[in-house]
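Trainee: Could you walk me through how strands and sheets are read in a model like this one?

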Amino acid sequence: MMEPVSLSLSLTGSGGEPIEEAQVSYDLTMPGMTMPPNKPQARYEGRGIYMADATFTMAGEWRAQAVVIYGGETTTFTFDFSVQ
């Protein structure tokens, strides 16, 4: 909590090739509590890896929704985890 962390998402196509030129952002929330917006933008690091910096302001249960825009389509991946 209150320490900067890196979020990493690896995107590959159906043949295992890295996906480049996607737009990736995160929506970080606490499912049990209303929070101010926390939506870091990811930067492309190469070989299909997208990184973002985030700070979690409270301990507890969190949800990260990675929003990926690629090829005219939007896909959302959801990850639930605990912050201590």
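Mentor: Here we go through the strands first, then one glycine.

Mentor: This is a predicted model, so to speak of local features we need pLDDT of at least 70, side-chain atom pairs count only at pLDDT 80 or more, and totals for chains, interfaces and linings use all residues. Residues are numbered from 1 along each chain as its sequence is written, and side-chain values use heavy atoms, with hydrogens and water left out.

Trainee: What counts as a strand, and when do two strands pair?

Mentor: Strands are DSSP runs of E with at least two residues, numbered from the N terminus. Two of them pair if DSSP finds at least two bridges between them. Here β3 (residues 43–46) and β4 (residues 49–55) run antiparallel, joined by 3 bridges. G46 has I49 in β4 as its bridge partner.

Trainee: How many residues lie between β3 and β4 in the hairpin?

Mentor: There are 2, and R47 in that turn has a positive phi of about 50°.

Trainee: In what order do the strands of the open sheet come?

Mentor: The order is β2-β5-β6, with antiparallel pairing. β2 and β6 (73–83) each have a single partner strand, so one side of each lacks a neighbour in the sheet. Between β5 (residues 60–70) and β6 there are 11 bridges, and G60 has V83 in β6 as its bridge partner.

Trainee: Is G16 buried, partly exposed or exposed, and where is it?

Mentor: Buried means under 20% relative accessible area, exposed over 50%, and partly exposed in between (1.4 Å probe, protein chains only). G16 is partly exposed because its relative accessible area is 48%. G16 sits in the loop between β1 (4–10) and β2 (23–29).

Definitions and conventions. Helix = DSSP H or I, 4+ residues; strand = E, 2+ residues; numbered from the N terminus.
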